[in-house]
Amino acid sequence: MKRYLCIHGHFYQPPRENPWLEEIELQDSAQPYHDWNERISAECYLPNAAARIVDHENRILDIVNNYTKISFNFGPTLLSWMERAQPETYRKILEADQISVRERGGHGNALAQVYNHLIMPLASRRDKVTQVRWGIADFESRFQRKPEGMWLPETAVDLESLQVLAEEGIRFTLLAPHQALRIRRIPPDGKRGEPQGEWEEVGGMKIDPTRPYRCFLPGGLFIDLFFYDGPISHSVAFDRLLRSGEAFVERLRGGFSDQRDWPQLLHIATDGESYGHHFAHGDMALAYTLQEIERQQIAEWTNYGEYLSKNPPTYEVEISERSAWSCAHGVERWRSDCGCHSGGHLDWNQQWRRPLRDGFDQLKNALDLLFETQGRKWFKDPWQARDHYITLIRKREENRLTREEAESFFSQQQTRTLHLPERTQAMKLLEMQRNGLLMYTSCAWFFDDISGLEATQNLKYAGRAIQLAKALDPAEGEKGEDHLRERLKEAKSNLPEFGNGASIYQKLIKTSMIDAERIIAHYATASLFEKTPHSRPLYSYQIELQDYRRVTDETVTLAIGRVLVTSKITLDTEGAVFGILHFGGHDFHCSVGGILGVEGYEQMKSDLIEKFYHGSQADVVRGLNHALGEKAFSLNTLLIEPRREILSHVTGSLFRRYENMWRQIYLDHQRLMLYLNSIHAKIPKSYLVSAEQVLNHDLKNEIESLSDQPIFDRIIQIIDQAKRWGIEIEVDPIEQRLRALLRIQMQHLADKPGKARAAIEQVHHLLDIADRAQLDVNLWEAQNLFHQFIQRWKRLRAEGPPPDRSDEGWIAKLAARLSYHWNETWE
């Protein structure tokens with residue numbers, strides 16, 4: 001009897017985008033990466049798209065795309081981020097599914113996922129439907145096919161959720177073995193008929209996971225269920241089985257039994273992040289296992305859709321309602337202090353979960369009522385409009401949302417032709433609903449405290465939904481916010497400095513709220529450091545600069561401008577005027593106000609410039625307040641990344657002011673420093689400080705001036721000087737620039753394998769520079785491109801006149817420097 005194997009990876013990260021900006025802000029806890037998505041992608045998602053299989057000397061034998069062999073699902077919100085931030089990884093994931101469709105009889109490896117990972121049994125039926133429809137639509141837009149299976153977040157299940165999946169055409173889903181209660185045989189036609197036997201109790205993980213089961217539902221519907229192998233999955237996720245590819249292979253081999261008389265499907269399911277993020281090099285253990293299972297002919301790799309098409313269920317199953325894979329108490333982990341926690345703080349409690357859930361439920365009811373009441377004015381069916389809103393969300397994610405696309409959407413959903421202000425209001429209603437769904441993302445309750453990143457992220461979604469509700473109905477929005485605050489007062493943090501959920505909402509959420517004025521203030525501040533300010537996109541806005549004037553004296557700068565600001569989310573446009581004073585250093589005063597009319601604006605500009613040249617700074621500030629209002633923005637009110645960029649400009653300008661002094665100190669005392677160094681005497685700290693300032697400044701200038709044909713001699717001289725004085729300099733930018741130049745040359749090599757010599761010489765030159773500078777350059781991308789080159793070079797040898805064999809020595813040398821096992825590759 002045939003044996004089949006399937007490894008499923010649930011790849012997911014909670015949505016981390018600032019809901020006002022639609023971009024992830026800097027997360028210092030993820031250093032050295034920008035944010036946790038970027039870090040986990042570097043450790044897991046990208047390595048699995050180019051996983052190494054190595055020999056005993058850690059030399060690369062092959063580079064493979066693991067996604068072509070495993071079953072997987074990626075959360076839609078994660079793919080949204082990856083599509084714009086990691087397009088190459090995103091492309092390889094889609095490509096892997098296409099390959100699997102061709103190799104598995106039309107059945108792809110990719111499964112869809114409920115849209116934003118909320119706990120389905122705790123959602124209303126209406127929200128369940130939207131979550132499933134959005135997940136399916138998102139999947140179809142990316143993978144260009146209908147999904148056969150869908151992942152339920154935390155495998156949290158109830159019959160209503162399965163009913164919704166079946167109604168939307170989903171054929172199967174995966175559950176944990178403890179989520180099955182009892183089974184019995186079904187007729188050969190797979191339909192519910194006369195019972196073929198007695199019910200067999202399989203609770204407590206006694207179900208056999210090597211075959212599929214059918215769950216019959218009301219209305220003559222059914223859905224097929226796969227219960228993964230619990231013990232092996234647990235070993236992968238928690239017992240460090242991935243430390244050894246050999247051990248992984250043997251553990252899978254042991255999952256089969258000669259006592260079974262059907263085509264066994266041994267399958268496991270874990271977080272996909274096990275393969276690289278949770279366990280370093282887990283991607284390599286997986287790649288080795290995928291290869292060895294085939295080589296040793298232990299089993300045939302398959303995916304769920306393919307296996308189901310060949311082996312339909314012969315048993316029906318009854319499930320444990322409101323159960324999940326990561327909570328021993330049903331789904332209580334996402335609404336109460338059930339005792340489940342991450343294990344990081346054993347003395348903490350999670351009593352905050354209940355008031356957080358109740359507060360969100362109360363807010364959601366208010367948002368739903370507002371949506372339905374106002375939505376009836378503009379939509380034929382508000383809830384159907386919400387279900388179809390995913391089409392506009394996807395257009396926006398692809399940066400293709402235009403007024404024409406919005407017009408097409410509204411032509412199908414509106415009760416009548418809507419005027420532009422009405423359409424803007426309708427878009428705000430839909431965005432309010434989107435954020436109302438996002439605030440239920442499961443991770444907020446999974447971890448240990450309400451002050452954590454995940455819970456505060458969900459509170460931001462709640463804050464954004466409230467802000468939109470206030471724009472639609474100020475009284476109802478205020479009431480909803482007040483009720484949420486009252487419930488959050490009961491959500492006590494385990495950290496005294498945070499108090500409770502209400503104080504967290506006030507300190508972390510209210511201060512994070514962003515509107516068009518704050519975006520304009522950032523634009524205005526940044527414009528002071530641009531040679532020629534221009535129209536540009538800024539986060540979720542498009543800024544069109546209509547007029548700009550900047551005047552300065554030796555210490556103070558005044559800039560005045562007029563802009564049009566368009567939201568990329570709601571497509572509404574508003575005009576504004578700004579004025580900003582920079583007093584030097586980190587001292588800024590910015591005012592933003594509505595359109596004054598062209599004449600009013602020109603008069604304001606003239607008056608302020610007159611005050612700037614002939615009055616006092618206080619006169620200019622008073623003039624700004626009079627013209628644009630007394631609300632002022634400073635550096636502290638800017639977003640964290642723009643603020644740091646501006647501070648970098650400020651500190652850079654301060655260095656330029658004192659550059660001659662630093663350089664003169666360094667040059668005047670360099671000979672003395674050499675002498676002191678030669679006799680091992682202590683060099684005065686002031687000399688070392690001047691050396692550090694000058695060398696880091698010179699290094700930055702040299703890196704910025706590098707071309708594609710670089711001369712690194714001066715950079716190496718700077719590095720040598722820094723080492724001589726024992727000074728730490730910032731070498732990361734050099735490594736990044738070297739890596740970028742390597743990528744360019746390696747791409748040339750991969751694109752033109754028949755003309756390899758020149759590119760190989762340049763790569764060797766760059767690697768020589770890295771060696772001379774004693775830089776540890778990340779060669780991961782270079783190895784990937786070298787692998788592409790080798791595959792194409794081999795095809796050239798096989799298909800046409802052989803390439804110049806004199807190149808082989810150069811290639812062999814490069815292979816050795818890239819830790820690539822070349823002998824067996826082409827000889």
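**Entry 1: the sheet**

I began in strand 18, where I found that Leu581 is the bridge partner of Leu558. I note at the outset that I am reading a predicted model, and I keep that in mind for every entry below.

From that pair I moved to the strands around it, and I saw that strand 17 and strand 18 (residues 573–584) pair in the antiparallel sense over 10 bridges. The two strands make a hairpin with five residues between them, and in this hairpin Leu571 takes a positive phi near 65°.

I then looked to the other neighbour of strand 17, and found that strand 16 pairs with strand 17 in the antiparallel sense over 11 bridges. These two strands also form a hairpin, with four residues between them, and I marked Glu544 as the residue that stands opposite Leu564 in strand 17.

How many residues of strand 17 are buried? I counted nine of the 11 in strand 17 (residues 557–567), and I wrote the strand down as mostly covered.

Strand 16 (residues 541–552) has a further antiparallel pairing, with strand 15, over three bridges; there Pro537 stands opposite Gln542 in strand 16.

Putting the pairings together, I have five strands in an open sheet, in the order 15-16-17-18-19, with antiparallel pairing. Strand 15 (536–538) and strand 19 (587–594) stand at the edges with a single partner strand each, so one side of each is left without a neighbour in the sheet. I also noted that the twist averages 30° from one strand to the next.

**Entry 2: salt bridges**

Next I turned to charged side chains, reminding myself that side chains of opposite charge can pair when their charged atoms come close. The count for the model comes to 68 salt bridges, of which I looked up a few.

In one, the side chains of Arg3 and Asp258 meet at 2.5 Å, N to O. This pair links distant parts of the chain, since Arg3 lies in strand 1 (residues 3–11) and Asp258 in the loop between helix 7 (245–253) and strand 12 (264–271), 255 residues apart. Arg3 counts as partly exposed because its relative accessibility is 26%, whereas Asp258, at 68%, counts as exposed.

In another, Glu405 forms a salt bridge with Lys395, and the closest N and O atoms are 3.8 Å apart. Glu405 belongs to helix 13 (residues 403–413) and Lys395 to helix 12 (residues 390–397), so this pair ties together parts that are 10 residues apart in sequence. I recorded Glu405 as partly exposed, with a relative accessible area of 27%.

Are Arg396 and Glu431 buried or exposed? Arg396 has a relative accessible area of 14% and is therefore buried, and Glu431, with 0%, is buried as well.

I also followed salt bridges that share partners, and these join Glu83, Asp138, Arg142, Arg394, Glu397, Glu398 and Arg400 into one network.

Methods: Residues numbered from 1 in each chain as written. Predicted model: local features only at pLDDT ≥ 70, side-chain atom pairs only at ≥ 80, totals over all residues. Heavy atoms only, no water. Pairing = 2+ DSSP bridges. Axes fitted to C-alpha atoms, helices over the stretch in contact; angles between N-to-C directions. Salt bridge = Lys/Arg side-chain N within 4 Å of Asp/Glu carboxyl O. Buried < 20%, exposed > 50% of the residue type's maximum accessible area, 1.4 Å probe, protein only.
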